[in-house]
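My notes follow in the order I took them.

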Amino acid sequence: MSNVKALIVGVSNYYLSGANDLPFCMNDITIMKNALLNGLKLDYSDIITCGNLGELTKNDFEKAFSEMVTRATNKDDTLIFYFSGHGTTLKDNQHYLVFSDGLLSTQKIIRNLKDIPIKSKIIILDCCHSGNFSIDGTSSLNIEKTVSEFQGEGYAVLASSKSEEVSFGHPDKPTSLFTSFLCDALQDRLLIRDGKVSLNDIQRLVSLYLDIWNKKSTYLKQHPIFRANMGGTIYFKVQEFQPFYSKNVYLKSDKYIIYKVKPLHTGQAKRYATEVILKEPFSFEEINKIYNEIVNVVKNVEVYNNKKSKDKWTGKIANIIWVYFGRDENDMISSNFICHTTWVDDKQDKAWWYKVNNRNTFILDGTHFNVHSYYEHLKIFNQNNLGNKNELIIKTKEILSHLVTLAENVISLFNEYKNGILTEVELVKQMEPFIQEINEYYIKSQDLDISPIDIKLWSEACSILFGTVFDFTLYYNKQYMSQRTSDNRKLCMEIAIKQYYADLESVGNLEQLL
């Protein structure tokens, strides 16, 4: 069984005055079920369907809803509720889902789904005026909560049309227009990254499909609405993923340790950067001898970052090798080196690769040296500014909780701009206080001490995430508005949000190091 459960509801036949039948809603049930099976890889046993014969009463729906709740027993489950049928705002201007024999409050159904004690809930509404709903603010990252717990926790609502719009059947297919595009997006293999697809990418693709449709259609126009009170986004595992593991070369000798060999291959050259720990304070003449030994070893190693590179270069001698020399493991981890040497084969332009200035770069016995004059200063700086592990974790988590919470607020505002609720001018104005706070906490993050080795990867992942959140301040900031077009601002913000979700996941994956 998967950890995703779904309730798919379609109402085609109505007894209510003024509610015409919607034959295509029965078909929506079928194509939605197939999309969840084929696209998100749900099991048959994890899907409940209602309305297959056209009729669905309020009582039958409530029974199915209760059954769905009993199946979602794991707190880490994801629950999907989908509705296709009539929607109305004629009663007290609130939105209602229309069943065969009556109405049920959309906001009440959302609230009931929200209160189910599982991690993630997704609500999909394909009906008229379905954008007439609200959510409870935005998600915030409590400093006591891990990023893994935060990511995906909460609920999201994807609706087929604005509150003042109707939702149409597809003119060329026996299905709803929105559902047709949604099912295409759920099964789009190009959205898959590392065996997973995100809710963010799915809803963006649906919006793109409808945007294109609206440009071509003369009257069947509808604009989807997306709102979420959810930390980050949800990732669905849809296929087995075997990551490409890059092996490492680690070799000890009396004088040195080959600590790491990094593949830097291109389409034109097989290249390696080799990091070496010197066991003694050798002279450049002695380093030169060591370098020649190392080059002879590294020329024939087989280390790759991906299968394509491996297929191209396996069995071939390296064309370019850089060797970086340091004194201890801290130098390796902080990428602080005494010097580095460059070796290239006879196929390369040696005059270009071996350029010298007779200060920091020079040739010694045919070997090209580049001396890192800042080495000692940086080593002393790193030692003097090395932070206490526990204190650094606390300070980093404090900044993390604030910046992630601010990011969620910014994304919520941006979604309302995309939903057509906010104008760009209103978005810029409402962004101002968040931009100021993001800047303040980003500056604080730059003053953190250097992290100890055992939490360095986590600290670096946090730093990358902080930089991505700072990017949010660049696009709808009054100071920079003249530098971009409206379309470019929107595209850049979409890219930054996608990167934010990926960075958030990376931080969550590295929390185990703490």
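This is a predicted model: local features need pLDDT of at least 70, side-chain atom pairs count only at pLDDT 80 or more; totals for chains, interfaces and linings use all residues.

**Entry 1: a parallel pair.** I started with strand S1 (residues 4-10) and strand S3 (residues 78-84), which run parallel and are joined by 7 bridges.

Entry 2: Where do S1 and S3 sit in the strand order? I traced an open sheet of 6 strands, ordered S2-S1-S3-S7-S8-S10. S1 lies between S2 and S3, and S3 lies between S1 and S7. The pairing in this sheet is mixed. Its edge strands are strand S2 (47-50) and strand S10 (225-230), each of which pairs on one side only. I read an average twist of 10° from one strand to the next.

**Entry 3: strand S8.** I then followed strand S8 (residues 154-159) through its two pairings. On one side, strand S7 (residues 120-126) runs parallel to S8, with 6 bridges joining them. Lys121 has Tyr155 in S8 as its bridge partner. The S10 pairing is antiparallel, and it also has 6 bridges to S8. Here I found Leu158 opposite Phe226 in S10.

**Entry 4: cover on S8.** Are the residues of S8 buried or exposed? I counted 6 of its 6 residues as buried. Both faces are covered. Gly154, Ala156 and Leu158 are buried on one side. Tyr155, Val157 and Ala159 are buried on the other. Two of these residues had already come up: Tyr155 as the partner of Lys121, and Leu158 opposite Phe226.

**Entry 5: a second sheet.** I moved on to an open sheet of 3 strands in the order S4-S5-S6, with antiparallel pairing. Why does one side of S4 and of S6 lack a neighbour in the sheet? Strand S4 (86-88) and strand S6 (102-105) stand at the edges with a single partner strand each, so one side of each is left without a neighbour. The twist in this sheet averages 35° from one strand to the next. I checked the S4 pairing: S4 and strand S5 (residues 96-99) are antiparallel over 3 bridges. His86 has Val98 in S5 as its bridge partner.

Entry 6: Which helices lie across S5 and S6? I found helix H2 (residues 58-71) there, running at about 40° to S6. Helix H3 (residues 106-114) also lies across S5 and S6, at about 50° to S6.

**Entry 7: the whole protein.** The secondary structure comes to 15 helices and 18 strands. The C-alpha atoms fill a box of roughly 95 × 50 × 45 Å along the principal axes. Of the 514 residues, 52% are buried. I looked up contacts with a separation of 6 or more, and 74% of them join residues 24 or more positions apart. The protein exposes about 24,900 Å², of which carbon and sulfur atoms supply 51%. I also compared the charges: the mean positions of the 58 positive and 62 negative charges are 4 Å apart.

Note on methods. Residues are numbered from 1 along each chain as its sequence is written. Side-chain values use heavy atoms; hydrogens and water are left out. Helices (H or I, at least four residues) and strands (E, at least two) are DSSP runs, numbered from the N terminus. Buried means under 20% relative accessible area, exposed over 50%, partly exposed in between (1.4 Å probe, protein chains only). Contact means heavy atoms within 4.5 Å. Accessible areas come from the Shrake-Rupley method with a 1.4 Å probe; for residues, only the protein chains shown count as cover. Lys and Arg count as positive and Asp and Glu as negative; His and the chain ends are not counted. The place of a charge is taken as NZ of Lys, CZ of Arg, CG of Asp or CD of Glu. Two strands pair if DSSP finds at least two bridges between them. Axes are lines fitted to C-alpha atoms, for helices over the stretch in contact, and angles run from 0 to 180 degrees between N-to-C directions.
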